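Please view the sequence and the structure before reading on.

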Amino acid sequence: MDELTREFLIESQEGLDRMERCLTDLEERPQDAGLLGEIFRSVHTIKGTTGFLGFKRLEKLAHAGENLLGLLRDGKLSADRLIITGLLKLLDGLRVILKIIEAEGGEGAGEDTALIEQLGELQAPAHAHAEVRRAETTVLATAGPRPTPVTADEPRTPSSHPRPALEPSEMVAQAPAPADADGAKPRAPAAGTAAESSLRVDVALLNRMMNLVGELVLTRNQVLQATAADPKMTLLSRRLDMVTADLREAVMKARMQPVSNIFSKMPRIVRDLSQSLGRRVRLQMEGQETELDKSLLEAIKDPLTHAVRNSLDHGIELPDVRQAAGKDPEGLLKLRAVQEGSHVVIEVSDDGAGIAVEKVRGKAIERGLITPERAIQLGERELLQLIFLPGFSTAAAVTNVSGRGVGMDVVRTNVERIGGKVEIDSRAGKGTTLRLRIPLTLAIIPALIVRSLEQSFALPQGALSELVHIPPEAAAKAIEWIENAPLYRLRGRLLPLVFLDRLLMPGRECRLSGAQDNFIAVLDADGRRFGLVVDGLADPEEIVVKPLSAVLKNIGLYSGATVLGNADLALILDPGSIALKAGIAMTAEEETVCAVEDEKEAARIEYLLVEAAGRHAAVPLADVLRIEQLPLSRIEYIGYRPVLNFEGQLLPVEDSGGILAAAAGNPEAQIIVVVCREGNRHVGIAVSHVLDVAAGDDLFEAGTGQASSGVTLLKNRVTGVVDLGGVAALGSGEQSHVEWNQEAVC
Amino acid sequence: MLNPSGTELSSGKKAGALVEVCSVRLGQTLFGVPIRHILEIVGSARPQPVPLAPVYVGGLVHYRGDVLTTVSLRQLLDLPPKDGAQAILVIEGAGGNFGLLVDSVSEVLTVSSVDFEPNPSILGERQRALLAGAYKLKDTLLVMLDTERLDPLRLGASQAA
């Protein structure tokens, strides 16, 4: 393909994308001359260039569209729903031909007579019709549903009566409102300036730049090490350090694209689907300017589309059902993107029927995903998690929208593959929210460096849930066996073990060394939980992921390679593939089921037992994000409030134990901060030691028999639970009121 | 530079197309790689072994911001592994660049097609697949390697077959 054609294809795609956005907006504001002009220009440009390049089929189709658009632009015709549907068909037709040109170089032998005829028909009768209507509105100033034109071959659903188009006065008042709600920017002027100040760059070139920057980072590390002793070099190397960091950031930024790139596809999908399903849906989008790495954006396109389809098909009810339930007949679908630290959270929420947990329970039993006995014991939250199991679908009938049993598990797998997480929240009758938590970039990930076979390997932090240290003296008894399957008893539950050295070098013995420390990395990959036994741990590092050649990728254990700070190469282990290779089954769901089998067990929450200034306290383990050891100098103060700049976010640090005060004056002193999640925010708690993880029992107040809050029985000691909600928000000015309960011995 | 093996450009009297070949040493044999396939020569590298990789993979090396898969020529020709650092020819392959691990790199020779002979029929099946004939030098043979077939992608495919 020659350069000219390639350029033409890229430009046409962009033009058509713009046209698609404008068309869905046009439905809200049919008289908007700016939108019509924009659409006309896109088609006109295609027509003009095709004539030049000699694509006759494309030219003919574009020409037919241009005629219709010309009438619209000149105000001779008004864009109603039929015309917009016709224009969307034109858009699809043009896209199909462009795709053929891209694949084959020629435009294929297909014929578009039917479509061209349809576009022609839309010009005439609808034109007359519009005239009539204009007369009606001027005379009567009222508007009822119009009779369907004879030429209509579109199935018309009750929802497809044009709502705002009919009353010009109302329309004027309404016009700006939807634009604001959608976060849409005025398009025409923006397009002009963007073209002048931006430049198209090949992704391959960006990847190469990223590689070279990675290389530079490495060289810088070595330069810094080599020149550390030379005072004359310090200044220079410090500058090198700074420039490198800035450059790295700039190149990473160049790979970022706003989520509007995929959000902008949604109005069309929602429009088409709600029509074919007979739903009435209003789409609201927020945070479209949020940026994400290009490759990640590609990766979440399918899961997001799927989630939107699900919301329309299973979530939002039919208009009459909604009305009967006392809701607005028009459903609301909200897409929201927001950056939270090193992640971008994308939410798809609807105000539909929610997920009926009882249906989920029934379906899961019917499909044989869980046994009836277990299903009864499951709580609402656990039941919701079942929809992520492969082969689960609650759609009563298989529709072509969704419900083929390849639903949410695909969403979850796709998102987890790129290091993300999926959460679901649903309330019956109120709606469902699906939350995709995506890392900002794939190119650089946090990883723990482990040692095995005298080599370094990188374990992505995303899959790592905890580390267990087994000292040499405990090595002999730490592992239990069922036949030849090694198991470790982790807080009372058996954890299957995989020995990394044996996995990599079959034939080695599965045994912990009695001569040195052993470590088990507890991993959770796609619901598969297991312990990976390694010989040693090195520091966690932010690693730059380098792709492997196909031959090595085919081994299946490695997802890439990286260069470590000490210039060593390390292979990046893929926990999911290791689990598969070692035959670890999807046990996470089973385990949660086991955990709640015993009612008493269900009430037990796991706590992180910490010590601060001689007192013990408990932090709910589920809320703990990280335990950070850092020098006191990292703590900064806003007024009297200690804060920590953690991964670019400001974290209020709770210091009821007086740890920070005690260490004051020694900026090098190491302190431990437990980073916790509290609602939507993160808080830090300064402690002197982290002691253990244990399950706590409820304590009952003597006499009343009521469970007392704020305390738990941990290892037979009454221990205070840190009230995370009590950590004052930044800028609230209120004094925090977390209390460390004095421990008591039962 | 004095050539220890006594190889040199064969006499320029004869006509024929001239080809530039990088000569490398492996054990006793002198092998040649057409210079236009070589991106760079990296001396004294220690590739990082990759557990569970196919035997012909010599390991990974860090090359200009990329991680390069290397192919061990010794392994391919059934020679015993050699301790210590090896030299790497970075070669442009169909599926990306790869490294060829050799004992040492000698000089670049210009050879004439007049001196070329195709693979002899007594060569084994495996060797024949990797070699692309030989140039007769004054007192030794320069055995040509077929870089296309040395590509790990290609080797992987042929091993799977």
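pLDDT is the predictor's confidence in each residue, from 0 to 100. This is a predicted model: local features need pLDDT of at least 70, side-chain atom pairs count only at pLDDT 80 or more, and totals for chains, interfaces and linings use all residues. Residues are numbered from 1 along each chain as its sequence is written, and chains are lettered from A and ligands numbered from 1 in the order in which they are written.

**Confidence**
- Chain A has a mean pLDDT of 75, with 79% of its residues at 70 or more.
- Residues 126-194 of chain A stay under 50 in pLDDT; the model gives them 64 contacts beyond four places in sequence (C-beta atoms, placed from the backbone, within 7 Å).
- Where pLDDT is low, the predicted coordinates should not be read in detail.

**Sheet in chain A**
- An open sheet of five strands runs β16-β8-β9-β18-β17 in chain A, with mixed pairing (strands are DSSP runs of E, at least two residues, and helices of H or I, at least four, numbered from the N terminus; two strands pair if DSSP finds at least two bridges between them).
- β16 (536-544) and β17 of chain A are at the edges with a single partner strand each, so one side of each has no neighbour in the sheet.
- Seven antiparallel bridges join β8 (residues 444-452) of chain A to β16(A), and A:Leu448 lies opposite A:Pro540 in β16(A).

**Contact between chains**
- Chain A and chain B each bring 20 residues to the contact.
- Elements giving two or more residues on the chain A side include α10 (203-227) and β17 (558-563) of chain A; α10(A) has the largest share, four residues.

Note on methods: Two residues are in contact if their C-beta atoms, placed from the backbone, lie within 7 Å.
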